[in-house]
Amino acid sequence: MIVFIYGSDTYRSRGYLRHQIDEFKKKRDPGGFNISMIDFEEMPEEEAWAQIFAAPFLAEKRMSVMMNVVATSEEFKNKLTGAIVAGKAPEDNIWVIWERELPKEKEKEPAQNALIKVLKKGKFVKELGELFGREFADWIEEEARLAGGKIERQAAEYLAENATDTWHALSVVNQSIAFSAGREGGTGATVVGLKDVQEFLDAKIDDNIFHLVDAVIAGRGQDVF
């Protein structure tokens with residue numbers, strides 16, 4: 001099985017990836033002994049190739065999570081594409097491939113283009129692009145609810161219009177909820193209004209904070225396992 005996750009919204013795509021890993025652990029590998037996290041910006045390609053073809057250890061399935069595959073060498077991408085096309089991806093090793101926003105069409109190299117085309121034709125493909133307008137505001141309202149608070153619609157719409165991305169919006173929501181609760185003297189009242197959002201809208205956030213996903217996402221997204 002090959003799962004391809006990509007998109008410019010790295011907060012939601014990382015959350016979806018974390019959900020798949022958690023579900024695999026829950027259903028097949030509670031100890032996490034059969035999960036390989038492979039970042040091609042850090043791991044040598046030869047070592048990664050051995051891992052993605054490794055057999056499960058005392059289990060039926062193994063999961064290889066591959067990140068930044070499109071940045072690998074042309075030789076590696078061609079070899080991986082060939083293995084997928086030839087049906088040589090092992091049935092007992094689930095390949096989960098995560099990418100940020102893909103290169104623009106005119107910027108794609110031939111090997112990148114071939115690999116991306118093959119991956120997009122797969123059965124399990126999840127694209128998570130940026131949210132806008134009403135959809136973004138709806139998402140903000142849901143995140144506030146999951147964080148134990150509530151945000152007024154006017155505030156959610158204002159934040160959707162002015163936040164740089166979902167990372168930024170979530171930072172504002174969490175800070176606003178904490179501020180609102182404290183303002184009410186610890187009574188638990190966490191209704192966020194427009195003024196609260198405006199107060200924290202300029203807050204800075206590092207959009208590479210992977211651990212934030214683990215802290216605030218409780219497994220959302222379609223389970224493919």
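Here's a quick look at a helix pair, a pocket and one valine in a predicted model.

## Ground rules

Numbering starts from 1 along each chain as its sequence is written. As this is a predicted model, local features need pLDDT of at least 70 and side-chain atom pairs count only at pLDDT 80 or more, while totals for chains, interfaces and linings use all residues, and side-chain values use heavy atoms, with hydrogens and water left out.

## Helix 5 against helix 6

Helix 5 (residues 133-146) packs on helix 6 (residues 153-162) at about 120°, with the axes 8 Å apart. Helices here are DSSP runs (H or I, at least four residues), numbered from the N terminus; axes are lines fitted to C-alpha atoms over the stretch in contact, with angles from 0 to 180 degrees between N-to-C directions. The two helices are therefore oblique to each other (under 35 degrees is roughly parallel, over 145 roughly antiparallel, 65 to 115 roughly perpendicular, the rest oblique).

Who touches whom? On the helix 5 side, the residues include Phe 136 and Ile 140, and on the helix 6 side, Leu 159 and Ala 160 (contact means heavy atoms within 4.5 Å).

## The second largest pocket

This pocket has a volume of about 160 Å³, the space filled by probe spheres set on grid points joined across faces, edges and corners. Of its 14 lining residues, Glu 130, Leu 131, Thr 164, Asp 165 and Thr 166 are the closest to the centre. A pocket is an open set of points on a 1 Å grid over the protein atoms alone, where a 1.4 Å probe fits, with protein on both sides within 12 Å along at least five of seven lines; lining residues have an atom within 4 Å of a point.

## Val 118

Val 118 sits in helix 4 (residues 110-120). Leaving out residues up to four places away in sequence, Val 118 touches Thr 81, Ile 84 and Val 85.
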